[in-house]
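Biologist: I would like to go through the labels attached to this model and hear what stands behind each of them. Shall we take them in turn?

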Amino acid sequence: MNLDPTADQRLFQSTTREFLAKSVPVEAVRALAEAGRGFDRAWWRKGAELGWTAPLVPERFGGGSVSEAPMADLALVAVEFGRACAPGPLTTTSAVISGLVLEQDRFADLLAEIVGGETVAVWAHYEPGRGLEPRDADTTAVPDGDGFRISGIKDRVESGDQADIFLVDAHGPDGPVQVLIRADAPGVSVAPTWTLDVVRRTAQVSCTDVAVGADAVVQRDPAEATAAMRTQLRVAAALTAAEMTGATDRAFEMTMRWMFDRYTFGRQLASFQALKHRVADYKTWLEACHATAWAAANAFADDPTAAAEAVSVAKSYIGATAPGIVQECVQLHGGIGVTWEHDMHLYLRRVTLGRALYGTPGEHRRLLTDLMERNAA
Amino acid sequence: MTDGTAANDVESVDSFRDRARRWLEDNLPPAPPNQLGETSKSAAAWTRAKELQRILYDGGFAGICFPKEYGGLGLTPTHQRAFSEESRDYEMPLALNIPTLTICAATILDMGSEEQKRTHISAVLRGEELLVQFLSEPRGGSDLAGLTTRADRKGDSWVLNGAKIWSSGAYAADYALCLARTDWDVPKHAGLTMFLVPVRTPGVTVQQITQVDGSREFCQEFFDDVVLPADAVVGQVNGGWETANRQLFHERSAVGGASPYSSGIQSHSGRDVSGLVDLARRTGQLADPRVREDIGEARALNMVHDQLIARITHGIGSGALPPAAGSIVRLFSAQNSWLQADMAVRIAGASAATGTTADDAGFGQAGQDYLMRQAWSLAGGSTEMARNIISERVLGMPREFAADRDIPFNQVEHGH
Ligand SMILES: Cc1cc2nc3c(=O)[nH]c(=O)nc-3n(C[C@H](O)[C@H](O)[C@H](O)COP(=O)(O)OP(=O)(O)OC[C@H]3O[C@@H](n4cnc5c(N)ncnc54)[C@H](O)[C@@H]3O)c2cc1C
């Protein structure tokens, strides 16, 4: 594994950072939040031009990675999204892409539209009250000719209210299947749900007897559908972990700044050992978050078991650690830290949502134990 | 690496790993079950460790990162890591890692005279010498530069008087790196000198100390007019703090698990989570989701620890991080070992605290390990010292007030 991003990756990262700083400074993020819009579609197309949608897609469909490690490229972008509290369907779109590329020739046109940012495709995986495990979708896929008729409710669908198309996990007669459903198809209704994050928004998507033709069935074979969901989940979890790391990084940076600027009892906050020692812990954990998020993103080049393990390590560790660090950053800010006006809550929101989506620490820890047992057997 | 060999003459890591794998299979016995770290060293264990080291040396796998001219192989940390990984399942001289190889030999390599390097590094690599550290004193270890053991010049020699404490493994050692005060009229850091002291020499008394888990690893030493030759000085006279700093740097890397000189994988920070699976199975809790989460958490933290070591080592190597960032891995390693100890006690439940001797061994071990839980946040400089270093030298926060700064040592208040 490369411990450093390559020169091309660095350039990709800094271009993204500059673009985000210019196009969605924190005031813009607040404005998007107040307007009740997660993100701006024209803005997303510009991001797509910068390459945010490209890494996982082969060049002949308009994609391309700046390195040999496309997930690492994306993780660097995700870190920047976290640092900026940026809007946009980066994670969910990447998950969809990682599913569609498994069947790339059949979905070449759609892939090209997603890469171009013209079509926003999001993943409808979760169901109300349900956790991570992909096997037990209640949404049914009843065979109908060469296609299916889909009924059920999907929950926590990222950017659901802005999507053109959903990649839906459903339960067919033989097990899981994956199908594409257009947001404007008859029988589909989308209701935004409340979400802690101000711009990384979610929705509930209800399907009532929605007809899906053969050309929109992505995975019909249960084993392949399960494997595809696992891959998508891994992609989404790894990027969410990277994003949380970025958000924590920024919150920590702001807090360090504050500790040098703020005086109490005639000295800088930064001069009190009780605070220095705590900050040393946060720095240590933050470095560990960076290390494990990067290891997870780079593990996609390894075999699926190794990648699964690295992602669960990162998502469980960062999910458990990052919100704690940001809470401490709030504490070190004093009263200003719990005001709407101060930006700290934007980061706290981002990491709290990130902890919850695509596997909580508990869920990923159980996966790790499953893996240990499987490896020992 | 500096012996003039062209880069492409260096054996590739993969080929080295393959060769190591075959050699280990043919030459080393499997690791004894439940290999414990520092706490179980008996005199026999030290003898065995030296024997094993000799086997490594004869097989051409000793001192992978030490230069060839001192008996090593002159290869890279990546070669060393590959060898350590391959050796996981074999009986290895793990006891020699801390402090002999990773701290003392590494310090001599950085700061010793040519003669010291040729003599002692190669003796260590051949399994003929054990080196330990005489740093801490009864009146304080964290304030290392405030020590009061003295060495006075007498003609060409030095005469050592005073006492040291908490020295791991000193009863079995051949030499110790011993820091002593050689000038009392200057501020504390400026009056120290590092000596290489033969442990079994007239005037040195070594006493073992029993630790809370019953092991007798610690020692205290008394020096009564111990005569040392001039060439016992490591580094410069009154430049001992610089030598000590190198030593502490190596100590932090070693305790954090990041030393390139470490051979074989230490199990002391509970790095083998399969023990927890076993504990859960034997207590009938392996199906309990909460217990499975605990095991997964312990597993994750071990992996994060390794990933952090890689990141920080690389960051220091490339200049992205200051050398003081080594304290980050040191702090993390302590937190990891707490978690591992806590998980074992949690899973063992009541069995960690009481039982009949007929009970399986291993339950009680969880309790014993818990009693020693803090050892890894004190050994190698406390976690509080690590936090001072991270906040001050990595994050640039203001230094702690020190009442003894810039004051001649003989005018400093010492308490009782
Ligand atoms: C398993 C083990 C092996 C060891 N092996 C060796 C060895 O081989 N050779 C050797 O020389 N020593 C050895 N030591 C000693 C070790 O280095 C010391 O215990 C350690 O440096 C702490 O010193 P102390 O015990 O004197 O505690 P003190 O320095 O008295 O500290 C007591 C407490 O106060 C805290 N403290 C002290 N100063 C400050 C400050 N400025 N700010 C905040 N907190 C502070 C400390 O962190 C600690 O918690 C070993 C210790 C252990 C546990």
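Biologist: Why is B:Arg246 counted as partly exposed?

Modeller: The relative accessibility of B:Arg246 is 31%, and the label follows because buried means under 20% relative accessible area, exposed means over 50%, and partly exposed lies in between (1.4 Å probe, protein chains only). This is a predicted model, in which local features need pLDDT of at least 70 and side-chain atom pairs count only at pLDDT 80 or more, while totals for chains, interfaces and linings use all residues. Residues are numbered from 1 along each chain as its sequence is written, chains are lettered from A and ligands numbered from 1 in the order in which they are written, and side-chain values use heavy atoms, with hydrogens and water left out.

Biologist: How far apart in helix α7 are A:Arg250 and A:Glu253?

Modeller: They are 3 residues apart in α7 (residues 222-261) of chain A, which means a separation of about one helical turn; helices here are DSSP runs of H or I with at least four residues, strands are runs of E with at least two, and both are numbered from the N terminus. An α-helix has 3.6 residues a turn, so residues three or four places apart point the same way. The side chains of A:Arg250 and A:Glu253 form a salt bridge of 2.8 Å, N to O. A:Arg250 has a relative accessible area of 26% and A:Glu253 one of 36%, so each falls in the partly exposed class.

Biologist: How do you know that the span of α7(A) agrees with its number of residues?

Modeller: The expected span is 1.5 Å times one less than the number of residues, which for the 40 residues of α7(A) gives 58 Å, and the end C-alpha atoms are 58 Å apart. Of those 40 residues, 29 are buried, so α7(A) is largely enclosed by the rest of the structure.

Biologist: Why is A:Ser271 called buried, and what does it touch?

Modeller: At 11% relative accessibility, A:Ser271 counts as buried. A:Ser271 sits in the loop between β10 (267-268) and α8 (273-298) of chain A. Leaving aside residues up to four places away in sequence, A:Ser271 is in contact (heavy atoms within 4.5 Å) with A:Lys276, B:Pro398 and B:Glu400.

Biologist: What makes chain B as compact as a globular protein of its length?

Modeller: Chain B has 12 helices and 8 strands. Its radius of gyration, taken over C-alpha atoms, is 22 Å, close to the 22 Å from the globule rule (2.2 Å times the number of residues to the power 0.38) for 416 residues, so the description holds. Buried residues make up 50% of those 416.

Biologist: And how does chain A stand against that rule?

Modeller: Chain A has 11 helices and 10 strands. With a radius of gyration of 21 Å, close to the 21 Å that the rule gives for 377 residues, chain A is likewise as compact as a globular protein of that length. Of its 377 residues, 60% count as buried.

Biologist: Where does the pLDDT of chain B stay under 50?

Modeller: The pLDDT, the predictor's confidence in each residue from 0 to 100, stays under 50 over residues 1-6 of chain B, which have 5 contacts beyond four places in sequence in the model. Residues 35-39 of chain B are also below 50, and this stretch has 16 contacts beyond near neighbours in sequence.

How values were computed
A salt bridge is a side-chain nitrogen of Lys or Arg within 4 Å of a carboxyl oxygen of Asp or Glu.
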